[in-house]
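User: I've got a model open and want to talk through a few spots in it. Can you walk me through them?

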Amino acid sequence: TMRKRIAVLIIALVIAILCVVRYRFLLVEEIQEQLSANLKDVATQNIITMEKTLNDNFNLLQQLADQIETKYENIDSPQAKEDIISFLKTFRDIHNFKRMGIILPNGFEYCTDGCERDLNGFEPYEYGIQGMSNISSEIEETEYGNESVYVFSVPIYASDGTTVVGVLCATCPTEVLKEMLNVDSFD
């Protein structure tokens, strides 16, 4: 009978060990599924936030371009350039842009921080002058302190609504966009 008791204890112990191992396996699997679901939710929220921010920036620039179109017949006159840059300075600070500016059909840019430069061949200018809105790939600005930026651009049309007379652009530091994705849930 002693052998039967030992056999029963061994069988019970093996069953208990198998149950613990199985339970541990199921628990780990459940935790991994929950973690995966949480990360997908956070990623989805980040995508929604980023899309909203990008759309908001493009909508703002389009509204400003429409106002410039309505107010100025000739945006490359000295007075119009000065007025437009002054007008854009207000929005630059409110919307966390590094700079805003207009690019004329000849490719010359005038910015809120006083920079004036030739942007012929520059991606935001090329898209904008063809009548397309664009966000550039990441650009390393070396002229104004090494900083990575993205440039949003939208065309400015003449009063006929079809002729592009310039490009409105806004430069956003990469760090500003990264801050939008800084979600505490990842901790």
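Analyst: One term to start with: two strands pair if DSSP finds at least two bridges between them. Helices (H or I, at least four residues) and strands (E, at least two) are DSSP runs, numbered from the N terminus. Keep in mind that this is a predicted model, where local features need pLDDT of at least 70, side-chain atom pairs count only at pLDDT 80 or more, and totals for chains, interfaces and linings use all residues. Residues are numbered from 1 along each chain as its sequence is written, and side-chain values use heavy atoms, with hydrogens and water left out.

User: Which strand pairs with S1 over 5 bridges?

Analyst: S1 covers residues 99–103. Its pairing over 5 bridges runs in the antiparallel sense, and within it Met100 sits opposite Ala170. The partner is S7, residues 164–173.

User: And which residue stands opposite Gly101 in S2?

Analyst: S2 (residues 108–111) also pairs with S1 in the antiparallel sense, over 3 bridges. The hairpin of S1 and S2 has 4 residues between the strands, and Gly107 takes a positive phi near 90° there. Opposite Gly101 you'll find Cys111.

User: Which residues of S1 point the other way from Arg99, Gly101 and Ile103?

Analyst: In a regular strand the side chains alternate between the two faces of the sheet. S1 is mostly covered, with 5 of its 5 residues buried (under 20% relative accessible area; exposed is over 50%, partly exposed in between, using a 1.4 Å probe and protein chains only). Pointing the other way are Met100 and Ile102.

User: Which residue forms a salt bridge with Glu147?

Analyst: A salt bridge here is a side-chain nitrogen of Lys or Arg within 4 Å of a carboxyl oxygen of Asp or Glu. In this one the closest N and O atoms are 2.7 Å apart. Because Glu147 lies in strand S6 (residues 147–157) and its partner in the loop between helix H2 (78–94) and S1, the pair ties together parts that are 49 residues apart in sequence. That partner is Lys98.

User: Are Arg117 and Glu109 buried or exposed?

Analyst: Arg117 and Glu109 form a salt bridge, with their closest N and O atoms 2.8 Å apart. As for cover, both residues are buried.

User: How far apart in space are Glu69 and Gly161?

Analyst: Glu69 lies in helix H1 (residues 2–71). Its contacts (heavy atoms within 4.5 Å) include Ile156 and Tyr157, not counting residues up to four places away in sequence. Glu69 and Gly161 are 92 residues apart in sequence, and C-alpha to C-alpha the distance is 8.7 Å.
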